[in-house]
Amino acid sequence: MRKFFGKFVSVTLAAAVIAMFALSSDDKWCSRVDKAFDESALGSFLNESKAGYGRYATGLPGQAASVLADSGENGENGGNGGTEQDIGRTADTASTHRATDRDYEETDKISDGINVEGVYACGRLTGIYEQTEGVLVVNTTEVTDEDGKKVNPADKKVQCGDYILSVNGRTVADKEELSEAVNDIMKQYDERHEDKSTVNIKFLRGSEKMSADITPVRMDDGRYYMGIWVKDDLAGIGTITYYTKDGRFGALGHGIGDGTQSGNLLYANSGDLYSMKLTKIKKGKSGAPGEIGGVVYFGKKSHIGTLDCNSNLGIYGQLDSDELSEYAAEDTYYPVAGKDEIHTGRAQMISEISGKLEKYNLEITNIDKKATDTNKGMELKVTDDRLIELSGGIVQGTSGSPIIQDGKIIGAVTHVFVDDPTGGYGICIDEML
């Protein structure tokens, strides 16, 4: 069972920070959050604790957390010379597989049980929590042993994007289990005076299972460390695009990366949606996309739905029955537009960015029906003065906001232009379905 902690922390969505985890079980929190965020070049969610070791400080089930939306990996996402960002790339999946484009095609996307002729347009902001499958390696680092010597035990053994699955055959599901496994094994060696100094870890690199022998270092606190920065959960904010009459939903319009420099989609084993309260809007400006922030309580009473797929085209899952009934009583059921029906000209996006669901005027300026990057099937421009005054245009965290044209749902907002927050990209709805 996962431990609960009762502190509040600020976390940024997707390209935020990771603190060093060197196999510590310290439960205390540190106050170096802002400094760590400013100085870190690593992409992830903030995981910070005493001495920079261990402990995730995202909102855990049963705990509230202050959460900000942020950009995609390393702040850039290709195309246009790196002039656009994913907006609100966030948490994760819930199934125990890595969702790739091929996986997605073979499973017919999420068409099982879905009526693709029509869906409810949503636009609600939601808190997202996910736990990785295995323990995700973010980087390796030097540690100082009890004799004052600096070593990097895991250098060239594991790399960014690997998922540690077991230690000496002992399955590990989170950082605590990884720490306990390594220290238990090393202490047993010490107690038996065995001439052994390594542990064997099995890990997943892409789709390939691999193993490596690592020699943990005992530091002056008496515990053993492998010098690996890792994480095992993520939390953030995103926007639900649509849901069906039976409660299947799609959100974001793009996949959730693992937050590391590998650029891979996150490999997770559980994921959930939670209600949130909007607390801040940072307006976007040229060169600095805006963002939204809010408080999410990751508890049973705030649970909205369960995630079961993370794809390059969005995240998917099932709304809880109570939320489905509540949402459906308020939202509009729209026919789904095919690509051939989408045209340049006026459209609207639905968003909860003002604190309530509202429609904002857009202009579809270009449509690329053969786009190699399906997240950028149409180019759009915010023309609504209310939204420009409120947020500067498109901001991080509103990724997934549904787009309506001619009485049909045509897609979702996915990117914002860094040099012009009133402009961005959207994905066509038939790509998400």
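Which residues line the largest cavity? In this predicted model, they are Lys339, Asp368, Lys369, Lys370, Ala371, Thr374, Gly377, Cys428 and Glu431.

**The cavity**

If you search the whole structure for cavities of 30 Å³ or more, you find one. The largest cavity holds about 30 Å³ of space. How do you spot a hole like that? Roll a probe the size of a water molecule over the atoms, and you see where empty space is left. As for what surrounds the cavity, the lining splits into two nonpolar, two polar and five charged residues.

One of the lining residues is Glu431, and you'll find Glu431 in helix α6 (residues 429-432).

Next comes an open space. The second largest pocket has a volume of about 280 Å³. Of the 15 residues that line it, Leu125, Ser275, Met276, Tyr327 and Glu352 are the closest to its centre. Which element gives the largest share of the lining? That is α4, with four residues. Both β17 (276-282) and α4 (321-330) supply at least two residues each. Sorted by type, the lining has five nonpolar, three polar and seven charged residues.

**Strand β28 and its partners**

Now find strand β28, residues 420-428, in the structure. Eight of its nine residues are buried, so the strand is mostly covered. Strand β24 (residues 378-382) runs antiparallel to β28, and four bridges join the two. Strand β27 (residues 408-417) also pairs with β28 in the antiparallel sense, this time over six bridges. Getting from β27 to β28 takes a hairpin of two residues.

| Residue | Loop | Relative accessible area |
|---|---|---|
| Ser401 | between β25 (395-396) and β26 (402-405) | 0% |
| Asp331 | between α4 and β21 (333-335) | 12% |

Why does Ser401 count as buried? Its relative accessible area is 0%, and buried means under 20%. Leaving out residues up to four places away in sequence, Ser401 touches Thr239, Met349, Ile350, Ser351, Gly411, Ala412 and Val413. A polar atom of the Ser401 side chain also lies 2.7 Å from the backbone oxygen of Thr398.

Asp331 is buried as well, because its 12% falls under the 20% cut-off. With residues up to four places away in sequence left out again, Asp331 touches Tyr120, Ala121, Cys122, Arg124, Tyr243 and Leu357. With Tyr243 there is also a polar contact, side chain to side chain, at 2.7 Å.

Note on methods. Residues numbered from 1 in each chain as written. Predicted model: local features only at pLDDT ≥ 70, side-chain atom pairs only at ≥ 80, totals over all residues. Heavy atoms only, no water. Buried < 20%, exposed > 50% of the residue type's maximum accessible area, 1.4 Å probe, protein only. Polar contact = N/O pair within 3.5 Å; in protein donor to acceptor, adjacent residues only side chain to side chain. Contact = heavy atoms within 4.5 Å. Pairing = 2+ DSSP bridges. 1 Å grid on protein atoms, 1.4 Å probe; cavity = no way out; pocket = protein on both sides within 12 Å on 5 of 7 lines; lining within 4 Å. Points joined across faces, edges and corners; volume = space filled by probe spheres on them. Nonpolar A, V, L, I, M, F, W, Y, C, P; charged D, E, K, R; others polar.
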